[in-house]
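Morning, everyone. Please bring up the sequence and the model, and we'll walk through the interface, the cores and the charged pairs.

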Amino acid sequence: MKIFKILAAAGLALATVIGAANAEMKIRIGTEGAYPPFNFKDASGELKGFDVDIAKALCAEMKAECSFVAQDWDGIIPALLAKKYDAIIASMSITEERKKKVDFTEKYYSTPAKFIVDKKGGISDVSADALKGKNIGAQGSTIHANFLEDVYKSSTIKLYKTQDEANADLASGRLDAILADSAVLLEWLKTKDGGCCKFTGPGFNDPKYFGVGAGIAVRKGETDLAASFNKAIKAIRANGVYKKINDKYFPFDVY
Amino acid sequence: MDMELLIKYGPKMFDGLLVTLQLVSVSLLLGGVLSLPIATMRLSSNKFFRGISYAYVYFFRGSPLIAQLFLVYFGAGQLRPFLQDVGLWGFFRDAWYCTIFVFSLNTAAYQAEILRGGIQAIHIGQREAAKSMGLGPFVTFFKVILPQALISSLRPYGNEVILMIKGSAIASVVTIFDLMGATKLAFSRTFDFEIYLIAALIYLVVVEIIRFIWDKMDRRLTRHLRPLSDQ
């Protein structure tokens, strides 16, 4: 009988070793899925976009097994804190306000914010004075919304659950202008509905409001995870994977 | 609770509460006016009128309020050229009017059903008595049937008011800064869940006030129905 015991123990030990070797890091990633071209759902409901491709590339680099969770934007940080997932890769700008609640990696891209207006509306000056009394739209819970709320006090600010809803209201004429990420707006301006409208004014990137680019958010204190993401971001920047994904979506470098 | 938070967002939430109350009272009033013809049609012997009001009530009670609001708000946005032609775009351009429009139509359907139930609960003898007194159908309805129907409808009306107060939080999805909209804004800047707790408490207090007023009204209006010892 002794031989059985030894065999059983050996088998158990072996299983443990193999198990450990196979136990890749498992990471659940939260994203919005309503922010084309960075993250969106295709016709079959699958998550696609720049953020998703970058996330997959980072996971491959980290040899981690990643799964995705789609979460409405205004609940995306609370859901991270509630451990519904482990990291947010959803074009989230790294701002001081958010750093009070979550930790960020280094940026993985950075594009300025811009206004778009109706082509026929005749707005070319987008200073706070010039837009006095106008209806300006933005997605709620974003840097753009915060910036408008603080700086464009004499305009009427309208906040939407998704960027698409704000876009629809600019196209229909309810809004006079929208402030959002320029790469996101560029994608919409190319569509049929977006034909109504054009960019105007400068790009905004005051770090006080707009942060220092989009980073990956993790729960406070999860420094190991943030560090491995940082390492992976450097690696895909160096080995050309990043550029390939970049070129798939944008005619310019978004880093 | 963070005092700084309260000072910064307290006034905004108070403004939001006023918006909520305004939205609900205007909608309830318009819906109430609208509910009278709908309820009358529901009780009509004419098949056509009955069918129309049945379909109306069926639609507005059978689909979610948020879907109705989205349909009108974003639907109107898509139909802008047409609405401009008929001169209605000025109305539907405004999120506030869209919301009042949908809320009024929605509560009209519920109020019509409350009213119908109230009217049907009046004993046939009341009509017969009115007729034997030589009252016409118009006077019978407004002076005999309706006042009694409203008494038995009071409680369900109270429920509808409370449902509307809570349901009005939906207005925040079409850019209106009602109590819920202001709460969301505050939350987006702070990620402090206490904000939602405070909002919930404010709704609770408003509902409790309504409940209290309704209780008083009910006791007063039904005092003739209670035994003398209970008055």
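Let's start at the interface. This is a predicted model. Across the boundary of chain A and chain B there are 11 residue pairs in polar contact, both partners at pLDDT 80 or more. On chain A, the elements giving two or more residues to that side are α3 (76–81), α4 (96–99), α5 (143–151), β10 (156–160) and α6 (163–171). What is the make-up of that side of chain A? Its residues divide into 11 charged, seven nonpolar and five polar.

Now the extent. In contact are 23 residues of chain A and 24 residues of chain B. The two chains bury about 2000 Å² between them. Carbon and sulfur atoms give 49% of that area.

How many salt bridges lie between chain A and chain B? The count is four. One pairs Glu97(A) with Arg189(B), at 3.0 Å from N to O. Over all chains, the structure holds 22 salt bridges. Side chains of opposite charge can pair when their charged atoms come close.

Next, pairs within a chain. Take α4 of chain A. Lys99(A) and Glu96(A) meet through their side chains in a salt bridge, 3.5 Å from N to O. Why are they about one helical turn apart? Because they sit three residues apart in helix α4 of chain A. Glu96(A) counts as exposed, because its relative accessibility is 57%. Lys99(A) has 36%, so it counts as partly exposed.

Still in chain A, look at Lys190(A) and Glu187(A). They form a salt bridge, with the closest N and O atoms 3.7 Å apart. Lys190(A) is exposed, at 58% relative accessibility. Glu187(A) is partly exposed, at 28%.

Over to chain B. The side chains of Arg61(B) and Glu113(B) make a salt bridge, 3.8 Å from N to O. This pair links distant parts of the chain. Arg61(B) is in helix α2 (residues 47–62), Glu113(B) is in helix α6, and 52 residues separate them. Is Glu113(B) buried or exposed? Glu113(B) is buried, because its relative accessible area is 11% and the cut-off is under 20%. Arg61(B) is partly exposed, with 42%. There is also a network: salt bridges with shared partners join Glu97(A), Glu149(A), Asp150(A), Lys12(B) and Arg189(B).

On to the cores. The largest nonpolar core has 73 residues. Which residues have the most contacts inside it? They are Ile178(A), Tyr56(B) and Ile165(B). Helix α6 of chain B, residues 95–120, gives the most to this core, with 12 residues.

Zoom in on Ile165(B). Leave aside its neighbours within four places in sequence. Then Ile165(B) is in contact with Thr20(B), Val24(B), Tyr203(B), Val206(B), Val207(B) and Ile210(B). Another core lies apart from the largest one.

One last stop: Ser127(A). Where does Ser127(A) lie? In the loop between β8 (113–118) and β9 (135–139) of chain A. Ser127(A) counts as partly exposed, because its relative accessibility is 30%. From Ser127(A) to Tyr152(A) is 25 residues in sequence. In space, the two are 8.4 Å apart, C-alpha to C-alpha.

That's the tour.

How values were computed
Residues numbered from 1 in each chain as written. Chains lettered and ligands numbered in written order. Predicted model: local features only at pLDDT ≥ 70, side-chain atom pairs only at ≥ 80, totals over all residues. Heavy atoms only, no water. Contact = heavy atoms within 4.5 Å. Buried area = accessible area lost by both parts, 1.4 Å probe. Polar contact = N/O pair within 3.5 Å; in protein donor to acceptor, adjacent residues only side chain to side chain. Helix = DSSP H or I, 4+ residues; strand = E, 2+ residues; numbered from the N terminus. Nonpolar A, V, L, I, M, F, W, Y, C, P; charged D, E, K, R; others polar. Buried < 20%, exposed > 50% of the residue type's maximum accessible area, 1.4 Å probe, protein only. Core = buried A, V, L, I, M, F, W, Y, C linked by side-chain atoms within 4.5 Å.
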